[in-house]
Amino acid sequence: MNKMVDSECLLLVALDAKDFLRRHGNSLTELLDLVAGARGVDAYCTADRLLDGINPDTLGGGKALREMRDLLAEADALNSQFAASLRWHGARLSDLAARLPG
């Protein structure tokens with residue numbers, strides 16, 4: 001059995017993160033805009049740019065994912081109609097960010 005090197009694993013994680021951003025980008029950017037304004041949308045755009053291409057920047061992408069996760073975590077939405085969305089997006093960003101350096 002072949003053992004994948006760390007760079008191959010990181011590439012797979014980056015591709016997984018990029019896929020998440022593409023599939024859920026509309027709802028995620030709307031949520032980030034709602035809770036953090038331009039700062040949140042900028043973090044999304046940064047992550048999207050850094051994780052794109054054949055040589056994604058996994059360090060920068062991981063930092064951008066953590067920034068988005070932190071912005072969602074700071075939102076006070078316990079009694080909000082967006083609480084479930086905040087939890088779901090935040091959990092997924094946490095999972096992805098934990099697998100990337102930074």
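This is a predicted model: local features need pLDDT of at least 70, side-chain atom pairs count only at pLDDT 80 or more; totals for chains, interfaces and linings use all residues.
## Before you start

Local features here need pLDDT of at least 70 and side-chain atom pairs count only at pLDDT 80 or more, while totals for chains, interfaces and linings use all residues. Residues are numbered from 1 along each chain as its sequence is written, and side-chain values use heavy atoms, with hydrogens and water left out.

## Two helices side by side

Let's begin with helix H1 (residues 6–36) and helix H2 (residues 38–50), which pack at an angle of about 165° with their axes 7 Å apart. That makes H1 roughly antiparallel to H2 (angles over 145 degrees count as such). Helices are DSSP runs of H or I with at least four residues, numbered from the N terminus. Axes are lines fitted to C-alpha atoms over the stretch in contact, and angles run from 0 to 180 degrees between N-to-C directions.

The crossing of H1 and H2 is right-handed, meaning that the near helix is turned clockwise from the far one by less than a right angle. On the H1 side, the contact (heavy atoms within 4.5 Å) includes Leu 21, Gly 25, Leu 28 and Leu 32. Among the H2 residues taking part are Val 41, Tyr 44 and Ala 47. By class, this contact of H1 with H2 has 8 nonpolar, 3 polar and 4 charged residues. Here Ala, Val, Leu, Ile, Met, Phe, Trp, Tyr, Cys and Pro count as nonpolar, Asp, Glu, Lys and Arg as charged, and the others, Gly among them, as polar.

Side chains of opposite charge can pair when their charged atoms come close. A salt bridge here is a side-chain nitrogen of Lys or Arg within 4 Å of a carboxyl oxygen of Asp or Glu, and the count comes to 7.

One of them joins Asp 16 and Arg 92, whose closest N and O atoms are 3.3 Å apart. This pair links distant parts of the chain, with Asp 16 in helix H1 and Arg 92 in helix H4 (residues 83–98), 76 residues apart. Asp 16, Arg 92 and Arg 99 are linked in a network of salt bridges. Asp 16 is partly exposed at 24% relative accessible area, and Arg 92 is partly exposed at 23% (buried means under 20%, exposed over 50%, partly exposed in between, with a 1.4 Å probe and protein chains only).

## A pair within H1

Asp 19 and Arg 23 also form a salt bridge, at 2.9 Å between the closest N and O atoms. They are 4 residues apart in helix H1, so about one helical turn separates them. Asp 19 is partly exposed at 35%, whereas Arg 23 counts as exposed at 64%.

Notes:
Angles under 35 degrees count as roughly parallel, over 145 as roughly antiparallel, 65 to 115 as roughly perpendicular and the rest as oblique.
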